[in-house]
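This report covers a helix pair and several backbone features of one model.

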Amino acid sequence: MNEKAILDDLGEIVAIPSVYGEPTADAPYGIECKRALEWFVDKAHSFGLEAKNIDNYCAYAEVGSGKECIGILAHLDVVPAGNGWATPPFKMVEEGGKVYGRGVGDDKGSVVVCLHALKELKDSGVKLKRRVRLIVGADEERGSSCIRHYVEVGGEIPVMSFVPDSEFPIINSEKGISHMRLVFEDKALASNISAISGAECRNALPDRSVIDLVKGGALISALEKACGGSVTADVFKMSPAADVIISMGAGFSDFEIENGRGGTAIAARGTAEHASTPEKGDSALWKTLGLLAAYNGVIGSKHLKNVYDYLCTPLAAAKLGIYVDDPKSGDLTMCMSQAAMNGDKLELIIDFRLPLGVTPDFVKKNIESKLGCAVEVLDYHENLYIDEDAPLIRALLDVYRRITGDNTPPLQTGGGTYARELPNAVAFGCTPVDLDINMHRADENFPIAQLFKNYEIYLAAAKELADL
């Protein structure tokens, strides 16, 4: 293992800000995602590996011979950097035995160590029964259309695959994922706010939310009256704003007044988090909606109270009558990620993680009944469940336990990986279950020692599956 080369290559790919961008004719996910795929193919070729870019949707690198291949699936796209970084998000920094930067853990670190593992297989001359193919996509964070494109254009389907994009020891159960748009027709709200924002992507808890106030509306007039002129941050310490801020456990410093852009806006700060574990974050969007609900006596919205009471709480699923806890796949979770004003309508995007047996239609009908809004199912990715006794699970567990001595049983997750896109695939690492790498948050990081341990694990796993 060339440790310096691994870190150098990780620094190179982290420096490419491969966040989804404006599509072009030859860059379906934007120019930076295209650049990341080109980097991968060029690097693989420099290692002497067979490699191919597939229409700038995805790419693969391969080693070995044989009629069949085993797959390793990873991704090069990343979520937006967000706010609050102590270091530049797209410049890898080494400090305190860790590397920092967007993608070092999710999922560029895995791409780099697996690519180097393929180089080791080639350089060693080891003879295996099957080829080993590392497939990388550029749209995992938005729903994995990249891997579906791979399948649609005739990409070879591996006989078995692992995905280094979750937790060790292995994930044999992934919840279903559905994004839904809740639409509330609300002229009263629209006459008071012209815009509201949440996260930049659907699968993240927002760390910032801004509401733009309508000039001359009842809400801004009430705030101006309370402040004796222009709206200032003093208003947050007055009733009813102070009452709701205290009740939600927030601080006055979490809110600020922004003047400019032709008017007055209220911004709230929180802590970003992956949508599969919203309980670990602090929703800025809940805070802005809570503030609006506090002034509903002025606004006169018919929906604000229910939106806040039913949706801006950790008990939302139970209040809506959709909470389910399944022993094989875990419990239902929900994360309000995005918001917008569209004419007279308030639109909220919610990310649902669904246990086995729960359908989007069940969720949709219950929410419509409880909240009196329209619900649109934007997408749905079905559950993945593989029995613990399956040969793929047993083989990968044996490798992991042999190298680490950790006998933890298979895990459930609310996260979604490429494993559900191909048959006989499972998430395998890349972090121990108790390691927090700030995934989807500021200061994403990864321990260097774990990075090198993963190289050892994934090299052994590739050999094991290729000869199984």
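Helices (H or I, at least four residues) and strands (E, at least two) are DSSP runs, numbered from the N terminus. The model is predicted: local features need pLDDT of at least 70, side-chain atom pairs count only at pLDDT 80 or more, and totals for chains, interfaces and linings use all residues. Residues are numbered from 1 along each chain as its sequence is written, and side-chain values use heavy atoms, with hydrogens and water left out.

**Backbone geometry**

Most residues other than glycine have a negative phi, and most peptide bonds are trans. The table lists departures from both.

| Feature | Site | Angle |
|---|---|---|
| cis peptide bond | Asp106 and Asp107 | omega about 10 degrees |
| cis peptide bond | Ser239 and Pro240 | omega about 5 degrees |
| positive phi | Ser144 | phi about 75 degrees |
| positive phi | Asp443 | phi near 60 degrees |

Asp107 lies in the loop between strand E5 (98-100) and helix H3 (108-124), and Pro240 in the loop between helix H6 (218-227) and helix H7 (241-247). Ser144 sits in the loop between strand E6 (131-137) and helix H4 (145-152); its relative accessible area is 5%, so Ser144 is buried (buried: under 20% relative accessible area, 1.4 Å probe, protein chains only). Asp443, in the loop between strand E25 (430-432) and strand E26 (445-447), is also buried, at 18% relative accessibility.

**Helix H14**

H14 has 19 residues and reaches 27 Å from its first C-alpha to its last. Of these 19 residues, 14 are buried, so H14 is largely enclosed by the rest of the structure.

Terms used. The expected span of a helix is 1.5 Å times one less than its number of residues. Buried means under 20% relative accessible area, exposed over 50%, partly exposed in between (1.4 Å probe, protein chains only).
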